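These are my notebook entries on one protein model. I record what I looked up, in the order in which I looked.

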Amino acid sequence: MIKSNSEWIQKFNDEGYLLLKGVLSEDKVRRLNAAVDGILDEEPESLSYNVYNSVERHDEIASLIDEPSVLPLIVQLLGYNIQLHISHLTVRKPNPGDVQTATNSFINWHQDGPHPQFPKIGGLTATYYIKVCYILSDMSEPNRGNTKIIPSSHNRVYRPESDNVRATLSDEIQICGDPGDVFIFPQNLWHSGAPNHSTETRRQLFLGYSPIWMRPIDYKVPSERLLKDASPIRKQLLGSISDNPFNYYVPDDSMVPLKEWSW
């Protein structure tokens with residue numbers, strides 16, 4: 001388990017993102033990409049794929065639910081009373097002509113959340129959940145379908161000068177990374193999915209975490225397959241802590257073993 005890193009936490013709070021290098025081994029990336037290949041073989045041919053509840057599709061992806069190199073940091077950022085909120089695989093094939101597809105080859109500027117959006121106070125939206133993006137392809141150069149962000153836009157009243165992701169905003173950056181790197185950001189950071197004008201296929205796997213009292217996006221209740229042989233921590237992250245709904249708001253310590261990771 002990694003220890004609390006005050007500089008990382010301060011950077012996340014100030015700038016709204018972290019890029020962690022070399023989190024996953026080459027072998028782990030290879031196995032994840034093999035899992036992705038199997039999932040895509042089951043999907044209709046497309047330039048672009050959005051696969052939700054990805055943890056249900058393959059055990060290799062489910063293994064990231066409690067990834068030990070990342071989860072302690074999420075506990076420090078969001079607290080210990082958390083769950084898996086979403087698992088979302090995105091694949092963007094080369095698309096130099098900017099062909100719009102049913103599953104969105106490129107995504108315009110937005111904050112994540114429901115419709116209508118989370119409530120705002122003084123024009124600002126609080127952090128309700130955090131996403132961990134596992135980079136599975138070579139995203140070391142821009143314009144490969146990279147995630148674009150506006151640093152610190154979660155901390156100020158902000159609206160992009162253009163909703164068109166194909167335009168370059170004066171304050172945007174593209175997240176560039178190698179396979180095995182991890183990008184972390186909150187749902188209230190303004191971000192977008194850039195077009196892929198390269199010869200590389202973008203592969204990114206997002207796992208989001210939220211307070212356990214929120215309704216998750218992936219499922220009403222986790223499947224028996226996911227719960228089978230799950231550790232106490234994974235059971236917590238799958239939202240399986242009690243038959244009493246009140247415990248999602250006020251859990252007993254025994255129901256949230258991640259409390260031992262908070263300090």
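Over how many bridges do β3 and strand β12 pair, and is the sense parallel or antiparallel? I found that β3 and β12 (residues 202-211) pair in the antiparallel sense over 10 bridges; two strands pair if DSSP finds at least two bridges between them. Strands are DSSP runs (E, at least two residues) and helices likewise (H or I, at least four), numbered from the N terminus.

I note that this is a predicted model, in which local features need pLDDT of at least 70, side-chain atom pairs count only at pLDDT 80 or more, and totals for chains, interfaces and linings use all residues. Residues are numbered from 1 along each chain as its sequence is written, and side-chain values use heavy atoms, with hydrogens and water left out.

Entry on β3. Because 11 of the 11 residues of β3 (residues 82-92) are buried, the strand is largely enclosed by the rest of the structure. Buried means under 20% relative accessible area (1.4 Å probe, protein chains only).

Entry on α4. I found seven of the eight residues of this helix (residues 71-78) buried, so α4 is largely enclosed by the rest of the structure. Among the buried residues are L71, I74 and L77. Just after α4, G79 takes a positive phi of about 100°.

Entry on N146. I located N146 in the loop between β7 (130-135) and β8 (147-149). N146 counts as buried because its relative accessibility is 0%.

Technical notes:
Buried < 20%, exposed > 50% of the residue type's maximum accessible area, 1.4 Å probe, protein only.
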